[in-house]
Each structure stands twice: as C-alpha cells, then as structure tokens.
Amino acid sequence: MMTAKEIRDSFKKFFESKEHAIVPSAPMVIKDDPTLMFTNAGMNQWKDIILGTRDPEPRRRADTQKCLRVSGKHNDLEEVGHDTYHHTMFEMLGNWSFGDYFKEGAIDMAWEYLVDVLKLNPEDLYVTVFEGSPEENIPRDDEAAKYWAKHVPADHIINGNKHDNFWEMGDTGPCGPCSEIHVDSRTPEQRKASGKTGRELVNQDDPQVIEIWNIVFMQFNRKADGSLEPLSMNVIDTGMGFERLVRMLQGKHSNYDTDVFQPIIKAEQQITGLKYTTFEESENSENSENSEASEAINVAMRVCADHLRAVAFSIADGQLPSNAKAGYVIRRILRRAVRYAYTFLGQKEAFLYKLLPTLVEEMGDAFPELKAQQQLIGKVMKEEEDSFLRTLDKGISMLDKAMEQLRAEGKTELDGVQAFRLFDTYGFPLDLTELICRENGFTVNEEQFNVEMQKQKDRARNAAQVENSDWVELKAGEQQFVGYDNSEYETEILRYRKVTQKKNEFYELVLSATPFYGEMGGQVGEQGVLVSENETIEIIDTKRENNQSVHIVKQLPKDPTAQFMACVDTDKRDASAANHTATHLLDYALKQVLGDHVEQKGSFVSPDTLRFDFSHFEKVSDEQLREVERIVNDMIRQDLPLDEHRDTPFEEAKEMGAIALFGEKYGDKVRVVRFGPSCEFCGGIHAKSTGRIGMFKIISESSVAAGIRRIEAKTGKECEELLYNLEDTLKAVKSFFNNAKDLQGVIRKYIEEHDTMKKEIESFQAQAVERAAKQLVEKAREVNGVKVVTAVLPMEPAAAKDLAFKVRAAVSGSLLCVLGTKHQDKPQLTIMLSDDLVAEHSLNAGQMVREAAKLIQGGGGGQPHFAQAGGKNADGLSAAVDKVVELAKL
Ligand code: ATP
Ligand code: MG
C-alpha cells in the first residue's frame with residue numbers, strides 16, 4: 001500500500017515525466033488580492049497568467065497546493081467533520097497547460113495516471129461532460145466526450161449541468177466546460193444493499209461515490225453583459241483532492257481513516273480517553289446502541305483533526321487569528337474546533353495545541369514552514385483557545401441567567417434575539433445554545449434566530465457591494481513598471497473601467513508604463529497626478545492587482561487616448577521610502593538585540609509612520625529598545641547605499657543571505673534589497689541610501705497576539721516634529737517653575753510640599769469638623785423629644801458628610817440633622833436621621849433630600865437615614881434646610 005507521502009511524490013514524478021515544471025505551493029493565505037483571502041484552488045496563483053498579464057512560460061506546470069475552503073464561493077466549513085470527504089484545508093494536486101496541450105492531452109494524462117500508474121479499477125470510475133446550455137448557445141462538450149470514449153465505456157460517461165460542469169473564474173473573466181472524475185468506492189455489501197449503479201449515484205451526495213478530480217477546459221471569456229467570447233489562449237486547469245485520492249488508493253472509505261489523519265486522531269484518543277470508530281469498525285460492529293453518542297465523538301474528533309491543520313498552516317503562513325477579515329475566519333475555525341472539543345470531547349481546557357507536535361511530525365517534512373514555527377504556532381493557538389474558553393464560560397453564565405428568567409416567567413422557549421446575541425458576542429452557535437437549553441428543558445426560537453442572522457448578513461453585504469464594469473481596452477500591451485528608476489514617466493492608458501462601491505464611483509486605469517507603486521507588502525499605494533497637454537487628473541491611490549499597478553482616479557481624462565506624464569508625489573514617496581528602508585534596518589537591529597528567532601510577521605509603511613510586527617515571546621525592555629534605536633541610527637549615519645539586485649533567481653538570492661518570509665509568494669526571479677548587513681527579499685520603494693532616513697525613533701512597543709510584538713516608529717521629518725513637541729512641552733513645564741535649573745529637583749520638592757500640605761489641611765479640617773459638631777449639638781433645638789440640628793455654612797462635601805456623622809455620634813436620642821453647605825459656590829444639602837426616626841416615624845432621608853433639593857435646583861438621594869444632594873443655586877440653601885425640617889413634621 002502506498003503511503004500518503006509516496007502518493008504525493010508519484011503525482012509530481014508522473015507530471016515531471018510529461019515535461020511539466022514542478023512548482024511550489026503558493027501560500028494558503030493570500031496577501032495582495034483584494035478579491036480573495038485564501039487560496040481555494042490550485043489555479044489561484046496562475047490567475048495573472050490566465051488573464052494575460054504574466055508570462056506563461058513554462059507552459060506546463062504541476063504542483064500540490066495548500067487550499068482552504070471556508071469563505072466566499074467555496075465554503076465547506078459546515079460540512080467538515082459531519083462528512084468524511086470535505087476538509088477546510090486540503091491539498092489539491094494540479095497540472096496546467098497555458099496554451100499548450102488541451103482537452104485530449106489532459107484527458108489522456110489523467111487517465112494514464114489513475115489507471116496505468118496508480119492502478120485504480122476503471123470499472124469504478126465515471127466521468128462527466130458538460131451537457132450544453134441552449135439559452136447561452138453553448139453546445140454539449142462533444143469534444144471531451146469523444147476523448148473520454150477512447151478510455152471508458154459509454155455508460156461511464158455522464159452529462160452534467162452548468163452547476164457541476166461549467167467553471168467560471170468570477171462574474172466575468174475566463175470560463176469553460178469541465179469534466180469530473182468520480183470514484184465508486186462502495187463495499188460489495190453496500191452495492192448489493194443499495195441496488196443502484198455507480199452511475200446513478202454520481203453527484204448525488206453519496207459519501208462513497210465522490211468526485212476526485214476536476215479537469216477544466218478554459219476556452220471562453222465572459223463579459224459583464226454575460227456574453228461569451230473565445231479566450232486568446234486555451235488553458236487546462238486541473239484539481240485533484242489529495243486526501244480523497246489517498247483514501248481510494250489505501251482502500252479506505254473515509255479520508256480520516258488514511259495515514260493523513262490517523263496519527264492525529266490517535267493523539268486525540270490518547271488525550272481524551274475516548275474512542276474513534278473507523279468505517280470498518282462501525283461496519284463490523286453488531287450493536288448500534290451507542291451509535292449516536294459515538295457518532296458525536298467521531299464528528300468532534302474529525303472537526304478537531306481537520307481544523308488543527310487549517311489553523312496551524314494559516315499561522316505558519318503569517319495569518320494570526322484576529323477580529324477582521326482573514327484573521328477572523330481563522331479565529332472562527334479555531335473556535336468551531338474548541339466548541340466541538342468542549343461539548344463532545346469533554347475538553348474544558350485548551351486542547352488543540354496539544355495535537356500540534358503530531359501534526360508537525362507528520363507534515364513538517366513536506367511543509368518546513370510548520371516545523372520552523374512550531375513554537376509560535378503553539379503559543380498562538382493556546383492563547384486563542386484559552387481566551388475563547390473564557391468567553392464560553394461567560395456566555396454559559398449568561399445563558400444560565402436567561403434560563404432562570406424563563407423559569408421565573410414560566411416560559412419554555414428562549415427567544416431568537418437572545419440566542420443571536422449569544423452567537424454574535426460570545427461565538428455561541430445555535431446548536432450549542434440549543435444543546436445547553438435542551439439539557440435544561442428549554443427550546444430555542446430558531447426562526448427568530450435565522451431572521452436576525454439574515455439581517456446581519458444583509459448589512460454586511462450592503463456594506464461590501466462592489467460593481468465592476470468591463471475593461472475598456474484602448475491599446476493592447478502589458479504594463480511596464482518603471483518606478484524603481486523614475487518618479488515621472490511618459491505613458492498612455494491601456495485600459496480603464498468604472499467601479500461602483502456603495503454609490504461611490506471611481507475609475508481604475510492601467511497605464512502602458514507607470515512609476516506608481518501599487519499597495520503591496522505593507523507599503524501603501526502611491527499618489528500623484530496624470531498630466532496631459534490639456535488637463536491634470538489626480539491619482540488618489542494605486543492598487544496592485546494581478547501583477548499590475550491599477551491607478552484609482554475620480555474622473556476620466558476628457559481624452560483617454562492622449563499622451564500623459566504620470567508623476568508620483570515625490571514628497572510622499574521619499575517619506576514612504578525612508579520608512580520602508582527603516583523597517584529593514586529595524587528588522588536587522590531586532591535580530592541583533594533579541595536573537596535570530598525574530599521573524600517579521602507583518603508591516604505597514606506609509607509616508608508618516610511605520611509599523612513592524614515580529615515574533616518574540618516577551619516585552620522588549622526599554623534598554624533593549626534603546627539599543628535597537630542606537631543600531632538603526634548608527635546605520636543611518638553610515639549612509640549605507642541601496643544595493644539592489646533585480647530579477648535574481650530565487651536560489652541565488654537565498655545564497656546571498658536574503659531573508660525570505662514564510663507565507664510570502666515569490667516568483668522564480670526576485671528582487672533583493674541590501675543596505676550593508678541588512679539583506680531582504682523586497683519589491684518596495686527604498687531610500688537611495690540610509691542617510692536619507694535622517695533619524696529613527698521608536699514611539700511604542702506593544703503586544704498584538706501571543707508571541708507577536710509590534711513596534712511603531714517615526715523617521716526623518718516626523719522625528720523632528722516629535723522632538724519639537726517634546727521641547728515645547730518641556731519649555732512649558734519649565735516656565736511653570738520659573739525656569740529652574742534643576743527642574744527635576746524642583747518638581748520633586750513641589751510634590752513633597754504638596755503632599756505635606758494636603759495632610760495638614762486634612763487634619764485642620766478634621767479639627768474644624770470636630771469643633772463645629774460640638775457647637776451645633778450645643779445649639780440644637782428640641783422639638784417633641786427630637787434634637788434638631790440645622791446649619792448653613794461653607795464646607796467641602798466630604799467634610800459635610802463627616803460632620804453629619806460626628807453630630808450623630810454625639811447625640812444619643814432622636815436626631816434630625818440638616819446641613820446646608822457651600823463649596824466654591826456649589827450648594828450641598830446633607831440629612832442625617834437617627835434610626836428610630838426611620839423605623840418609628842417612617843422618615844426617609846433619601847426622599848426628603850430629593851424634595852428639598854428642588855430649592856437649590858439640584859437632585860440627589862441616599863439611604864433612609866443618610867442622604868445628600870448637590871445643586872446649582874446656593875441662595876436657596878436656607879430655604880432648603882427649613883424645608884427638610886418642615887417635611888419631617890416633628
Ligand atoms: P465537491 O462537489 O465534492 O465539493 P467540488 O466540485 O467543490 O467538489 P472542485 O472545486 O472541482 O471540487 O475541486 C477539485 C477537487 O478538489 C475535487 O475534485 C475534490 O477532489 C477536491 N476537493 C474539493 N473540495 C474539497 C474539500 N473541501 N476537501 C477536500 N477535497 C476537496
Ligand atoms: Mg465543493
């Protein structure tokens with residue numbers, strides 16, 4: 001039996017023998033494409049070749065590509081774990097032809113590989129071809145059917161509809177028919193029991209008759225009006241699910257029973273003490289008593305084994321869990337696993353991270369990025385798990401309260417709005433809420449929940465809606481980027497299109513040659529102007545799409561076919577360049593000071609600031625930050641020149657010692673940027689020499705996630721501003737102290753004096769209160785056996801309270817004490833009653849103070865025996881005091 005590793009290798013070997021270049025997997029997390037967060041198919045990394053904006057050589061390629069299908073067009077997340085053949089992260093084996101062989105070649109090779117090389121039984125294989133679409137005027141794919149007929153009998157060729165057998169890149173763009181290969185992997189018993197042929201079960205969601213390979217024949221281009229035109233270059237794009245293939249070759253009936261997943265599942269069993277039931281075991285077992293419970297355990301173990309891979313590989317690719325975009329998707333995957341482990345595997349503490357060593361052992365050789373970053377991945381996972389478990393606890397106690405309320409009201413149904421709030425704030429999905437409710441005898445209003453969910457989805461969709469018109473082609477040709485050597489360049493518009501986003505309209509332009517750097521690798525897009533003889537158009541931003549700079553403008557030039565000068569705003573460029581170069585020096589200095597484990601994990605470079613995220617496991621101390629600043633500033637003073645190597649072969653660049661980032665996509669040829677000892681792979685715009693940075697100053701160091709720190713810093717002019725601000729503040733402070741020479745000494749003395757005086761004042765106040773209390777009690781009237789103490793006097797609110805309590809302590813019998821005090825023109829009313837007045841006469845100081853405070857235009861409250869109120873009108877104080885006495889009706 002072939003192992004998974006041998007199968008992976010055999011695929012590469014086979015296509016190598018068919019003259020394909022074997023290329024590496026692109027990262028699973030996509031950094032520079034606004035339309036796609038994760039690689040969801042092998043073809044993603046060839047999008048620009050297919051769209052004609054990149055050189056197609058070599059025209060035959062093959063690889064295994066890490067894919068993630070958890071958002072957008074392909075979202076399998078909810079299936080994962082419940083079925084045995086959809087994963088979030090999986091490997092897609094693929095071969096491509098860019099204008100080389102087409103349908104016949106692709107079909108012959110696929111067949112040869114599966115049947116001649118791997119020896120799959122042809123009787124178990126079925127293929128589909130596109131049935132055609134009369135309304136779109138596309139005929140059946142007779143061509144593909146003809147080539148299949150060379151290999152398979154007619155009853156193994158099945159017509160398929162547009163949904164399954166017509167592939168489209170998006171609403172517009174390349175598309176074409178496809179053929180899928182399905183395998184009937186049912187056991188003889190299952191075949192007998194079902195009485196159906198494999199043919200009848202293709203594309204019917206039968207877990208044993210599944211698609212393994214999809215071969216796409218791209219031959220059309222879809223325009224925005226929906227019509228199709230022939231593609232200038234035919235493309236073969238194939239994708240085969242590696243885990244599914246392994247399962248077929250290892251004679252298993254579940255992807256999870258193969259050696260891809262079994263080691264992880266074994267580890268899960270060991271940690272939880274629970275049993276995973278394989279397909280064979282469940283087929284052979286006599287009793288089906290515990291089947292429901294063991295199925296729940298099975299699902300949970302599959303979910304965790306699967307999600308572990310997705311999360312670990314994403315973190316290795318540089319995508320940390322977070323609150324937005326791709327980071328949020330990863331966070332949700334991890335949380336889904338935690339929930340299953342919590343609910344069905346009894347794991348109340350972090351669990352997933354414990355499986356990581358097994359994953360690294362199994363896959364670390366094929367994917368070295370996993371092994372290299374194991375420590376970081378484990379830390380990030382554990383912290384995410386811990387923090388979500390805390391949230392879960394909070395949510396559970398919220399749910400407990402809600403159920404208690406229901407019980408009190410005699411209800412049995414939790415309303416859907418509450419269930420949705422639990423979902424939205426605490427990540428409680430409906431099934432978990434339902435489960436907990438059910439255990440306590442409650443139901444959940446699912447309909448209401450769905451209504452709330454839909455509302456949220458609508459809100460999100462409306463916010464994100466973008467409409468693209470067709471590109472209007474003015475001239476044929478490829479864009480040339482000239483920005484490394486120029487900030488101004490003569491050019492023409494190749495094509496443009498209108499984009500509408502939330503009623504906002506703008507245009508995207510592609511120029512024949514451009515000095516504008518499009519947003520990429522953390523450096524923001526450039527701004528500037530497009531000038532023709534008659535007009536000047538502002539370029540407000542530049543994006544990077546499919547290997548090109550796309551310029552964003554508010555309006556089109558009156559004559560789009562004119563000759564233009566494209567001019568970059570050089571002040572902004574110089575400032576950005578200085579910041580970008582400074583991040584390289586910072587990276588170098590951090591490695592010197594903290595150690596070689598420092599890995600860049602993200603960066604942001606704009607004209608006015610720079611941000612650099614890196615792996616490091618503790619706070620960077622003030623001394624270390626100083627040391628880093630010293631190294632960087634030293635390199636600035638050395639004025640190291642930019643030493644740039646364009647179009648360097650990848651391997652050569654590595655030999656030069658250039659630092660490549662995990663999760664970054666590099667072509668065969670790369671650019672290396674060197675400043676003295678700092679040497680990195682980088683496509684950015686840099687300072688001509690480090691001296692241009694002027695100066696470097698860190699302004700903050702903080703944590704962004706477990707094991708990841710962030711440094712923000714300023715350079716050049718911004719440092720000057722920083723210095724001036726500091727200087728101004730210092731000057732202002734000095735002037736407060738008569739420009740004393742020994743400023744620190746003087747301030748320290750002031751603080752000491754202030755503290756001493758404060759203490760003295762407090763003690764004077766206490767004495768004054770003591771005296772006042774004595775005098776007030778001596779002067780007190782007596783009405784019907786109640787001592788009545790009233791006074792209007794200047795005093796702080798806190799002292800008034802103190803005074804009232806002192807008076808109370810000094811009077812043994814019944815007491816009504818009303819104080820009207822004034823502090824800085826603010827009136828305050830204080831009432832103190834003896835307990836018997838509260839208990840026997842039903843007096844309430846809180847109510848009385850509210851009523852009387854109207855006379856000082858204020859309000860307040862308190863307890864029955866003591867209350868205070870503040871106000872605005874100090875002139876009403878005496879009247880308010882009298883009012884209280886009147887209210888007491890003694
Ligand atoms: P299915 O209908 O089974 O979901 P698909 O039509 O979505 O498959 P394609 O988009 O054609 O699949 O992807 C090509 C191949 O990748 C499939 O034939 C299958 O072998 C594999 N594949 C697709 N989705 C997954 C997944 N979620 N997990 C594992 N393998 C997958
Ligand atoms: Mg699918």
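Where does D647 lie? The legends below get to that; first, some ground rules. This is a predicted model, so local features need pLDDT of at least 70 and side-chain atom pairs count only at pLDDT 80 or more, while totals for chains, interfaces and linings use all residues. Residues are numbered from 1 along each chain as its sequence is written, chains are lettered from A and ligands numbered from 1 in the order in which they are written, and side-chain values use heavy atoms, with hydrogens and water left out.

View 1. D647 lies in strand β27 (residues 643-649); helices (H or I, at least four residues) and strands (E, at least two) are DSSP runs, numbered from the N terminus. Phi of D647 is near 50°, a positive value in a residue that isn't glycine. D647 is exposed, at 58% relative accessible area (buried means under 20%, exposed over 50%, partly exposed in between, with a 1.4 Å probe and protein chains only). N738 has phi near 55°, again positive in a residue other than glycine. N738 sits in the loop between α22 (716-736) and α23 (743-779), and N738 is exposed too, at 70%.

**View 2. Helix α15 meets helix α16.** The axes of α15 (residues 374-409) and α16 (residues 416-426) come within 10 Å and cross at roughly 165°. Axes here are lines fitted to C-alpha atoms, for helices over the stretch in contact, and angles run from 0 to 180 degrees between N-to-C directions. The two helices are therefore roughly antiparallel (under 35 degrees counts as roughly parallel, over 145 as roughly antiparallel, 65 to 115 as roughly perpendicular, the rest as oblique). On the α15 side you'll find F388, T391, K394, G395, M398, L399 and A402, and they meet Q418, L422, T425 and Y426 of α16; contact means heavy atoms within 4.5 Å.

**View 3. Helix α19 crosses helix α20.** Here the axes of α19 (residues 570-594) and α20 (residues 622-637) come within 9 Å and cross at roughly 135°, so this pair is oblique. Contact residues include L586, L590 and V593 of α19, along with V628, I631 and M635 of α20. By class, the contact has 12 nonpolar, two polar and one charged residues (Ala, Val, Leu, Ile, Met, Phe, Trp, Tyr, Cys and Pro count as nonpolar, Asp, Glu, Lys and Arg as charged, and the others, Gly among them, as polar).

**View 4. Two of the aromatic pairs.** The structure holds 27 aromatic pairs (rings of Phe, Tyr and Trp, the last by its six-membered ring, pair if their centres lie within 6.5 Å; planes under 30 degrees apart count as stacked, over 60 as edge-to-face and the rest as tilted). F15 and Y113 make a tilted pair, 6.4 Å centre to centre with 55° between the planes. F15 lies in α1 (residues 4-17) and Y113 in α3 (residues 103-117), so the pair ties together parts 98 residues apart in sequence. Both F15 and Y113 are buried. In the other pair, the rings of F423 and F449 have centres 5.9 Å apart and planes at 75°, so it's edge-to-face. F423 is partly exposed at 24%, whereas F449 is buried at 4%.

**View 5. Around M240.** M240 is in strand β11 (residues 228-241) and counts as buried, at 0% relative accessibility. Leaving aside residues up to four places away in sequence, M240 touches F11, E91, M92, L93, Y113, L114, I212, W213 and L245.
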